[in-house]
Amino acid sequence: MTGPQQRPTGAERPTGAEQPTGAERPTGPEQPTGPEQLSGPEQADGVERPVGPEQAAGSEQAGGSEPVGGVRRSGLRNPDKAVRGLGAGTMSLEALVLLLAIQPIRVVGGDLSGAAIGAIVALAVACVVLAGMMRRPWAWHAGTVIQGLLLLSGLLHWSLFALGVMFALVWAYALHVRRVILG
């Protein structure tokens with residue numbers, strides 16, 4: 001081992017069973033006591049990892065998305081795909097809730113007309129179709145239109161307006177997340 005101020009190089013560093021355990025490791029100002037205090041290429045598991053341009057270039061290329069201005073805007077590997085998943089998930093959940101809401105509305109809410117049921121089914125189908133088309137940029141605008149149509153269907157039954165308000169808020173949050181992640 002080298003002196004207290006020098007770190008051992010790769011050839012001098014003990015490997016495998018030769019490495020001292022936590023009880024045997026010397027602690028003091030010259031030795032780190034935890035993984036958060038290690039700096040440089042050595043990590044908590046003792047494996048050397050590249051530090052410098054080769055590490056930065058490898059991490060950006062592995063992500064699949066080009067960094068903006070040299071710095072990635074989020075920690076996501078593929079932010080476009082993550083945002084599409086958020087939009088598709090929101091639309092799918094909305095379709096499921098709309099279809100499952102038909103029977104409780106009929107039982108508790110009273111007179112649910114055929115036009116209201118037709119509107120619910122049509123909106124649910126539109127949500128499912130739109131969930132599969134989130135790759136296209138116009139799909140986000142169409143999702144906003146669907147929220148408006150659900151609010152308008154509140155004229156057919158008050159509970160549809162309540163669902164429209166809830167899903168309009170969820171959709172507004174999804175748009176906010178999209179704007180934050182993609183810029």
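1. The patch is made by L99, V121, V125 and V129, and its area is about 320 Å². The model is a predicted one, and the points below should be read with that in mind.

2. Where does L99 lie? L99 sits in helix 2, which covers residues 79-108. The relative accessible area of L99 is 44%. Partly exposed is the class between under 20% (buried) and over 50% (exposed), and so L99 with its 44% counts as partly exposed.

3. V129 is one of the patch residues, and its place is in helix 3. Its relative accessibility is 47%, so V129 is classed as partly exposed. V129 can also be related to a residue elsewhere in the chain. M91 is 38 residues away from V129 along the chain, and the C-alpha atoms of the two are separated by 8.9 Å.

4. The next point is the overall make-up of the chain. The secondary structure consists of five helices and zero strands. Read along the sequence, this gives the pattern α-α-α-α-α. The chain has 183 residues, and buried residues make up 25% of them.

5. Two packed helices are described by the angle between their axes and by the distance between the axes. For helix 3 and helix 4 (residues 138-152), the angle is about 165 degrees and the axes are 11 Å apart. Helix 3 is therefore roughly antiparallel to helix 4, since angles over 145 degrees are counted that way. The crossing in which helix 3 passes helix 4 is left-handed.

6. How do the axes of helix 4 and helix 5 cross, and within what distance do they come? The axes of helix 4 and helix 5 (residues 158-182) cross at roughly 160 degrees and come within 8 Å. Because of that angle, helix 4 is roughly antiparallel to helix 5. The crossing of this pair is left-handed.

7. Is L163 buried or exposed? L163 belongs to helix 5. Its relative accessible area is 11%, and the cut-off for buried is under 20%, so L163 is buried. L163 and L98 are 65 residues apart in sequence, while their C-alpha atoms are 8.1 Å apart in space.

8. R179 is also placed in helix 5. With a relative accessible area of 54%, R179 is exposed, because the cut-off for that class is over 50%. R179 and V83 are separated by 96 residues in sequence, and the distance from C-alpha to C-alpha is 9.4 Å.

9. Helix 5 holds both L163 and R179; L163 is buried, whereas R179 is exposed. Helix 4 takes part in both helix pairs described above, one with helix 3 and one with helix 5.

Terms used:
Residues numbered from 1 in each chain as written. Predicted model: local features only at pLDDT ≥ 70, side-chain atom pairs only at ≥ 80, totals over all residues. Heavy atoms only, no water. Patch = residues over 30% accessible without salt bridge, like charges linked within 9 Å, V, L, I, M, F, W, Y side chains within 5 Å. Areas by Shrake-Rupley, 256 points an atom, 1.4 Å probe, with all protein chains shown as cover. Salt bridge = Lys/Arg side-chain N within 4 Å of Asp/Glu carboxyl O. Helix = DSSP H or I, 4+ residues; strand = E, 2+ residues; numbered from the N terminus. Buried < 20%, exposed > 50% of the residue type's maximum accessible area, 1.4 Å probe, protein only. Axes fitted to C-alpha atoms, helices over the stretch in contact; angles between N-to-C directions. Parallel < 35°, antiparallel > 145°, perpendicular 65-115°, else oblique. Left-handed = near helix turned anticlockwise from the far one by under 90°.
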